[in-house]
Amino acid sequence: YGFSNFYDSKDLNIKTRWQETRDVIFYNKALDILKENTSKPKFIFIVTIQNHGPHDSASIYNFDKTNGKLSDYLNRLKEVDEDYINFSEKFFNKQKKAVLLNFGDHQPFFSGLAESLKKNEGNKFTTFYKISDNYNIHPIPHKEIDISFLASTLIEHAKLNLGEYWKSNLELSKICPKHYKSCSKEIRKNYFKTTLNDLAAISHE
């Protein structure tokens, strides 16, 4: 597992702060990569940053001085949404089968404001995710899953070879539905101990 190429801000000639760097820059790079060597399948991981914190009243996106952090977030979100929709339309406008996973790794903190809000502990780390493709006739069912099971869920959806590691990860997602920690430590410990021993045996055969 790993990546063949890595592109940072220098490679993409980004001069602005991340809060002012539109996601379209990363999407356009991804589309350019997809045009190269089209005979081979590709996996591209994009980290978008425009609406990442901090959110503050001094931002160029703050048009409402009475609700600075929220205004900053919502106005940046509008551009984020526009760029993603445009990208997904171009991404799926191809004859080849394609799968797109969009997910967030945490909720916005609003520069510490979010920590002061009362939340249900179970929803504290809940974020958005969506799997889309251009070959399923029926809508893709959406279920709540732990982020640690997202990769194997994507691979299974794409009907690719899971391999022993991701196959084990997917099986564990069925034993521990929704959340990784919904299973006891003993179950997780025993499961991974068995899985790692099996993988070690396979790798030495």
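Modeller: Helix 1 and helix 2 pack at an angle of about 10°, and their axes lie 10 Å apart. Axes here are lines fitted to C-alpha atoms, for helices over the stretch in contact, with angles running from 0 to 180 degrees between N-to-C directions. Helix 1 is therefore roughly parallel to helix 2, a label for angles under 35 degrees. Helix 1 brings Val24, Tyr27, Ala30, Leu31 and Leu34 to the contact, and helix 2 brings Asp83, Tyr84, Phe87, Lys90 and Phe91. Contact means heavy atoms within 4.5 Å. These residues divide into 8 nonpolar, no polar and 2 charged. Nonpolar covers Ala, Val, Leu, Ile, Met, Phe, Trp, Tyr, Cys and Pro; charged covers Asp, Glu, Lys and Arg; the others, Gly among them, are polar.

This is a predicted model: local features need pLDDT of at least 70, side-chain atom pairs count only at pLDDT 80 or more, and totals for chains, interfaces and linings use all residues. Residues are numbered from 1 along each chain as its sequence is written, and side-chain values use heavy atoms, with hydrogens and water left out. Helices (H or I, at least four residues) and strands (E, at least two) are DSSP runs, numbered from the N terminus.

Leucine 31 touches Phe87, Lys90 and Phe91, leaving aside residues up to four places away in sequence. Leu31 also belongs to the largest nonpolar core, 9 residues in all, with Tyr27, Ala30, Leu34, Tyr84, Phe87, Phe91, Ala98 and Leu100. Helix 1 (24–35) and helix 2 (68–92) are the elements that give two or more residues to this core. The largest share, 4 residues, comes from helix 1. Such a core is a set of buried Ala, Val, Leu, Ile, Met, Phe, Trp, Tyr and Cys residues joined through side-chain atoms within 4.5 Å. Buried means under 20% relative accessible area, exposed over 50%, partly exposed in between (1.4 Å probe, protein chains only).

Helix 2 also holds glutamate 79. Glutamate 79 counts as buried because its relative accessibility is 19%. Its C-alpha atom is 8.6 Å from that of glutamine 50, 29 residues apart along the chain.

Now the strands. Strand 1 (residues 99–103) runs antiparallel to strand 2, joined by 5 bridges; pairing takes at least two DSSP bridges. Valine 99 stands opposite aspartate 133 in strand 2. Strand 2 (residues 129–133) has 4 of its 5 residues buried, so the rest of the structure largely encloses it.

Terms used. Angles under 35 degrees count as roughly parallel, over 145 as roughly antiparallel, 65 to 115 as roughly perpendicular and the rest as oblique.
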